[in-house]
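Subject: Handover of a structure and summary of findings

Dear colleague,

Please find below the structure that I am handing over to you. I would be grateful if you read the notes that follow with it open beside you.

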Amino acid sequence: MRSVSVSSLRQINATVATASIDVATDGTGPVTVVIAWFTSNAKGEPGAPDGSQTFERSGATQYTITLDHTFQGKGCYWGVRAATNPTAPNPSSQQIQARRCPIG
């Protein structure tokens with residue numbers, strides 16, 4: 001396993017965000033990609049879990065997974081973390097401030 005990266009995270013509307021996850025492998029798999037979503041009231045902290053998804057891919061050495069998530073939590077910061085099995089050297093995450101919260 002070479003790498004996993006959250007290449008983008010952006011808000012679509014008051015409750016939905018979309019993320020793109022890039023995965024690079026040493027072989028053609030299979031590889032399991034685990035996506036975890038979070039809401040928080042503090043910048044830089046993952047906060048409370050808000051759901052997860054698991055994907056299995058095989059047959060190539062690079063994959064991009066683009067997915068939407070409807071947040072249930074009320075936190076002002078939304079986050080996503082991506083990890084793999086076999087394990088990539090480092091999991092990847094991104095966090096954004098939801099537009100429904102004032103910039104402070």
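Rings of Phe, Tyr and Trp, the last taken by its six-membered ring, are counted as a pair if their centres lie within 6.5 Å. Planes under 30 degrees apart make a pair stacked, planes over 60 degrees apart make it edge-to-face, and the rest are tilted. Please bear in mind that this is a predicted model.

Aromatic rings

By this rule, there are two aromatic pairs. One of them joins Trp37 and Phe71, with 5.7 Å from centre to centre and 85° between the planes, and it is edge-to-face. This pair links distant parts of the chain: Trp37 belongs to strand S3, Phe71 sits in the loop between S5 and S6, and 34 residues separate them. What arrangement do the rings of Phe71 and Trp78 adopt? Their planes stand at 15° and their centres are 4.3 Å apart, so this pair is stacked. Through such ring pairs, Trp37, Phe71 and Trp78 are linked into a cluster. Trp37 and Phe71 are both buried, and Trp78 is buried as well.

The two sheets

Three strands make up an open sheet, in the order S1-S2-S5, with antiparallel pairing. Its edge strands are S1 (3–11) and S5 (62–70), each of which pairs on one side only. From one strand to the next, the twist averages 15°. S1 and strand S2 (residues 16–24) run antiparallel and are joined by eight bridges; across this pairing, Ser5 stands opposite Asp22 in S2.

Another open sheet, also with antiparallel pairing, has four strands in the order S4-S3-S6-S7. Why is one side of S4 and of S7 left without a neighbour in the sheet? Strand S4 (48–57) and strand S7 (92–97) stand at the edges and have a single partner strand each, so one side of each has no neighbour there. In this sheet the twist averages 15° from one strand to the next. Strand S3 (residues 31–40) is joined to strand S6 (residues 77–85) by nine bridges, and the two run antiparallel. Within that pairing, Ser40 stands opposite Tyr77 in S6. S6 is also joined to S7, by six bridges and again antiparallel, and a hairpin of six residues leads from S6 to S7. Here Trp78, a member of the ring cluster, stands opposite Ile96 in S7.

The nonpolar core

The largest nonpolar core has 23 residues, and those with the most contacts inside it are Leu9, Ile21, Val23, Ile35, Trp37, Leu67 and Val80. At least two residues of this core come from each of S1, S2, S3, S5 and S6. Leaving aside neighbours within four places in sequence, Ile21 is in contact with residues including Val4, Val6, Val33, Ile35, Ile65, Leu67 and Ala82.

The disulfide

How many disulfides does a search of the whole structure find? The search finds one, formed by Cys76 and Cys101, whose sulfur atoms are 2.1 Å apart. The angle about the S-S bond is -85°, and the link is left-handed. This pair, too, links distant parts of the chain, 25 residues apart: Cys76 lies in the loop between S5 and S6, and Cys101 in the segment after S7. Is Cys101 buried or exposed? Its relative accessibility is 10%, and residues under 20% count as buried, so Cys101 is buried.

Yours sincerely,
A colleague

Terms used
Residues numbered from 1 in each chain as written. Predicted model: local features only at pLDDT ≥ 70, side-chain atom pairs only at ≥ 80, totals over all residues. Heavy atoms only, no water. Pairing = 2+ DSSP bridges. Axes fitted to C-alpha atoms, helices over the stretch in contact; angles between N-to-C directions. Buried < 20%, exposed > 50% of the residue type's maximum accessible area, 1.4 Å probe, protein only. Core = buried A, V, L, I, M, F, W, Y, C linked by side-chain atoms within 4.5 Å. Contact = heavy atoms within 4.5 Å. Disulfide = S-S within 2.5 Å.
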